[in-house]
Amino acid sequence: MQVDGQRFLADLHKLRSFGASGVGKGVVRPAYSEADMEARTWLKGRMEEAGLRVETDAMGNLFGLAEGPSLLLGSHSDSQPEGGWLDGALGVIAALEVARCADMPISVISFQDEEGRFGVTTGSAVWSGQLDLEAADLLLDHNGVALAEARRVVNPTGEVDPAQFTGFIEMHIEQGPVLDTTGERVGVVSDIVGIRDMKITFEGQQNHAGTTPMHLRRDAFQAVSEFNHALAERFKNVVTPATVWTIGHLSLHPNASSIVPGKAVFSMQWRDGDADRLVRMEQIIRALAQEIAQARGMEVSFGPMLGLEPVHMDARLRRALETSAESLASGAWRVMPSGALHDATNVSRLMPVAMLFVPSIGGISHAFEEDTDEEHLVLGLEVLAGAVAALHG
């Protein structure tokens with residue numbers, strides 16, 4: 001299979017123009033934004049030019065479909081609020097280029113809201129049956145906008161039956177430092193970690209910042225601060241060096257400099273490759289939050305638990321990627337886990353899945369500085385194409 005590296009790079013740069021941040025190669029293309037929908041309209045045209053039949057489902061997942069049973073390739077094209085040009089986009093454009101050149105049926109997917117404006121990999125979660133659409137419609141973003149309202153910009157043409165696909169391969173940047181640090185150029189993923197994500201709310205007492213003595217305050221932010229400080233110690237004998245957890249979003253009420261905050265809502269996310277460890281971490285998180293609330297005379301509540309289980313890659317698809325990597329990058333590739341979450345996790349409920357990584361310069365992602373050497377991007381495309389050709393053979 002002879003893929004066209006320059007055409008592939010040109011398409012990648014064109015996709016970057018939708019929502020270009022003006023800072024380096026960064027993009028601002030959140031799910032359902034004007035830039036996101038413009039990008040999907042452009043992608044639709046490119047899929048049609050490649051001879052694919054295009055369908056958009058109710059969530060806004062964009063499919064370029066080959067005739068008959070086919071291998072599905074792709075990723076997502078939405079971005080973080082401040083995102084890089086390759087996260088997700090790489091997998092979609094690589095899939096499009098392979099579909100143009102393959103002598104076997106290849107379908108292409110750009111999933112919607114992988115970046116979690118409304119949850120965790122929302123588009124693929126709904127398509128895979130992990131999340132019911134009616135339940136998803138009730139999800140709110142950080143500005144209080146409901147998914148049901150946001151997806152009104154979608155013009156659905158029909159639902160897509162996953163039974164027509166024989167498997168799914170997702171190409172992606174690593175989003176971490178391993179390949180860049182070792183000088184290796186390709187990573188074949190062994191498994192994807194599991195994730196848990198929920199909101200926690202501490203409710204204390206709003207009061208005057210100048211006249212309320214420190215020992216009488218029921219300060220919701222101080223509860224969050226104590227929780228964050230104590231969590232690592234509580235986790236000490238449970239977690240491994242590969243386990244991660246993050247408080248990434250915090251909202252204080254009324255969020256004023258002269259008022260003791262009476263309410264704090266924050267995100268709590270944790271990831272690990274072991275499902276039992278994820279459960280144990282949840283137990284610790286809930287117990288610690290309740291303990292702090294009780295000690296400080298506050299109320300604590302927990303939002304819905306969102307998350308996905310750890311997933312192992314399919315042996316046959318992975319073997320094809322490994323064989324292609326050895327052929328094209330002998331001695332410069334490795335098998336590795338994915339610490340980031342991907343749509344492949346949801347798709348694994350429906351069919352065999354595999355993933356391919358290329359390096360991230362400096363290990364940076366979810367930032368305007370995200371980048372990968374174009375030589376490595378093209379090599380990744382060629383490894384993907386080689387694996388697809390081998391699967392057909």
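Predicted model: local features only at pLDDT ≥ 70, side-chain atom pairs only at ≥ 80, totals over all residues.
1. The largest nonpolar core has 57 residues. Those touching the most other members are F8, L12, L73, I169, L377 and L384. Helix α12, residues 374-392, supplies the largest share of this core, with 10 residues. Apart from it there is another core, of 24 residues, which includes F202, I284, I285 and M298. In soluble globular proteins, nonpolar side chains tend to be buried together.

2. F8 can be followed through its contacts. Leaving aside neighbours within four places in sequence, F8 is in contact with L90, I93, A94 and E97, and also with L377, V378 and L381.

3. F266 is part of strand β12, which covers residues 263-272. F266 counts as buried because its relative accessibility is 1%, and the cut-off for buried is under 20%. Not counting residues up to four places away in sequence, F266 touches M198, K199, I200 and F202, as well as V224, F227, I247, H249 and L250. The chain also brings F266 and T201 together: they are 65 residues apart along the chain, yet their C-alpha atoms are separated by 6.6 Å.

4. T243 sits in the loop between α8 (220-235) and β9 (244-246). With a relative accessible area of 7%, T243 is buried. What does the side chain of T243 join in a polar contact of 2.5 Å? The partner is the side chain of D272. A polar atom of the T243 side chain also lies 3.0 Å from the backbone nitrogen of T240. Beyond four places in sequence, T243 is in contact with R271, D272, R277 and M281.

5. The count of aromatic pairs comes to 10. One of them joins F235 and W245: the ring centres are 4.8 Å apart and the planes stand at 75 degrees, so the pair is edge-to-face. F235 belongs to helix α8 and W245 to strand β9, so this pair ties together parts that are 10 residues apart in sequence. F235 is buried, at 0% relative accessible area, whereas W245 is partly exposed, at 29%.

6. Ring pairs also link F63, F111, W127, F165 and F168 into a cluster.

7. Two arginines are placed over aromatic rings. The charged end of R16 sits over the ring of W85, at 5.8 Å from the ring centre. R286 lies over the face of F302, and here the distance to the ring centre is 4.8 Å.

Methods
Residues numbered from 1 in each chain as written. Heavy atoms only, no water. Helix = DSSP H or I, 4+ residues; strand = E, 2+ residues; numbered from the N terminus. Buried < 20%, exposed > 50% of the residue type's maximum accessible area, 1.4 Å probe, protein only. Contact = heavy atoms within 4.5 Å. Core = buried A, V, L, I, M, F, W, Y, C linked by side-chain atoms within 4.5 Å. Polar contact = N/O pair within 3.5 Å; in protein donor to acceptor, adjacent residues only side chain to side chain. Phe/Tyr/Trp six-rings, centres within 6.5 Å; stacked < 30°, edge-to-face > 60°. Lys NZ or Arg CZ within 6 Å of the ring centre and 35° of its normal.
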